[in-house]
Amino acid sequence: MIPSARKRYPEGTLFFQQDIHPKHTANRIQRWFTRRRDVDPVDWPPNSLDMNPIENLWAAVKRILRSNWAEQPPFRTSEELWDRVLDAWEEMTKNLDLFHNLVDSMPRRMRAVVDAGGLWTRY
């Protein structure tokens, strides 16, 4: 994440969004953030999908998977499925505009949640 973010934002602190899922709050992860003074994790409520742009990325992966499934035989093992998911992720990451647009949308997303009083938004 850091090298990609630094290409777009070469200076200053990077703010990292994560909810309070145990994989994000593990001691190992917290120690990593302590060592990285240039990355600031943002306190984020759990289950705040209105604000989480990863949902948009997963939707893009699903679209790619659906279009590729029509061209490929059905997968037979979980490893084959995982390989296809990784291939779809790789294909999606070639569209850097998608990532930049999601990052740039965060102020609008945050404003929408504030305006909605913490309730549902179009995001």
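Trainee: Thanks! What pattern does the chain follow, read along the sequence?
Mentor: Keep in mind that this is a predicted model. Along the sequence the pattern runs α-β-α-α-β-α-α-α.

Trainee: And how many helices and strands are there in the chain?
Mentor: The chain has 6 helices and 2 strands.

Trainee: What box do the C-alpha atoms fill?
Mentor: Taken along the principal axes, the box is roughly 45 × 35 × 30 Å. Of the 123 residues in the chain, 23% are buried.

Trainee: Which residues make up the largest nonpolar core?
Mentor: That core has 9 residues: Leu57, Ala60, Val61, Ile64, Leu65, Val85, Ala88, Met92 and Leu102. Helices α4 (54-69) and α5 (78-92) each supply at least two residues of this core. The largest share, 5 residues, comes from α4.

Trainee: Let's take Val61, then. What does Val61 touch?
Mentor: Leaving out residues up to four places away in sequence, Val61 touches Val85, Ala88, Trp89 and Met92. Another core, of 5 residues, lies apart from the largest one, and among its members are Ile2, Ala5, Phe33 and Val39.

Trainee: Back to α4. How many residues does α4 have, and how far does it reach?
Mentor: Helix α4 has 16 residues and reaches 22 Å from its first C-alpha to its last. That is close to the 22 Å expected at 1.5 Å a residue.

Trainee: Which residues of α4 are buried?
Mentor: Leu57, Ala60, Val61, Ile64, Leu65 and Asn68 are the buried residues of α4. Looking down the axis of α4, you find them within an arc of 140 degrees, so they line one face of the helix.

Trainee: Nice. Which residues are exposed on the other side of α4?
Mentor: Arg63 and Arg66 are exposed there. The buried residues of α4, meanwhile, pack against α5 and α6 (96-115).

Trainee: And α5, how far apart are its end C-alpha atoms?
Mentor: The end C-alpha atoms of α5 are 21 Å apart, which agrees with the 21 Å that its 15 residues should span at 1.5 Å a residue. The buried residues of α5 are Arg84, Val85, Ala88 and Met92. Down the axis of α5 these fall within an arc of 100 degrees, so they also line one face of their helix.

Trainee: There's an arginine among the buried ones, I'll note that. What is exposed on the other side of α5?
Mentor: Glu79, Trp82 and Asp87 are exposed on that side. The buried residues of α5 pack against α4 and α6.

Trainee: Change of topic: how many aromatic pairs does the structure hold?
Mentor: The structure holds 4 aromatic pairs. One of them is Phe16 with Phe33, a tilted pair with 5.6 Å centre to centre and 50 degrees between the planes. Phe16 lies in strand β1 (residues 14-17) and Phe33 in helix α3 (residues 27-35), so this pair ties together parts that are 17 residues apart in sequence.

Trainee: Are those two buried or exposed?
Mentor: Phe33 counts as buried, at 9% relative accessibility. Phe16 is partly exposed, with a relative accessible area of 27%.

Trainee: What about Trp32 and Phe33, why is that pair edge-to-face?
Mentor: The ring planes of Trp32 and Phe33 are at 80 degrees, with centres 5.1 Å apart, so the pair is edge-to-face. Trp32 counts as partly exposed, at 30% relative accessibility. Phe16, Trp32 and Phe33 form one aromatic cluster.

Trainee: Last one: where is Arg6, and what does its side chain reach?
Mentor: Arg6 sits in helix α1 (residues 2-8). The side chain of Arg6 reaches the backbone oxygen of Gly12 at 2.6 Å. Not counting residues up to four places away in sequence, Arg6 touches Glu11, Gly12, Leu14 and Asp38.

Definitions and conventions. Residues numbered from 1 in each chain as written. Predicted model: local features only at pLDDT ≥ 70, side-chain atom pairs only at ≥ 80, totals over all residues. Heavy atoms only, no water. Core = buried A, V, L, I, M, F, W, Y, C linked by side-chain atoms within 4.5 Å. Buried < 20%, exposed > 50% of the residue type's maximum accessible area, 1.4 Å probe, protein only. Helix = DSSP H or I, 4+ residues; strand = E, 2+ residues; numbered from the N terminus. Contact = heavy atoms within 4.5 Å. Polar contact = N/O pair within 3.5 Å; in protein donor to acceptor, adjacent residues only side chain to side chain. Phe/Tyr/Trp six-rings, centres within 6.5 Å; stacked < 30°, edge-to-face > 60°. Expected span 1.5 Å × (residues − 1). Arc of directions from axis to C-beta.
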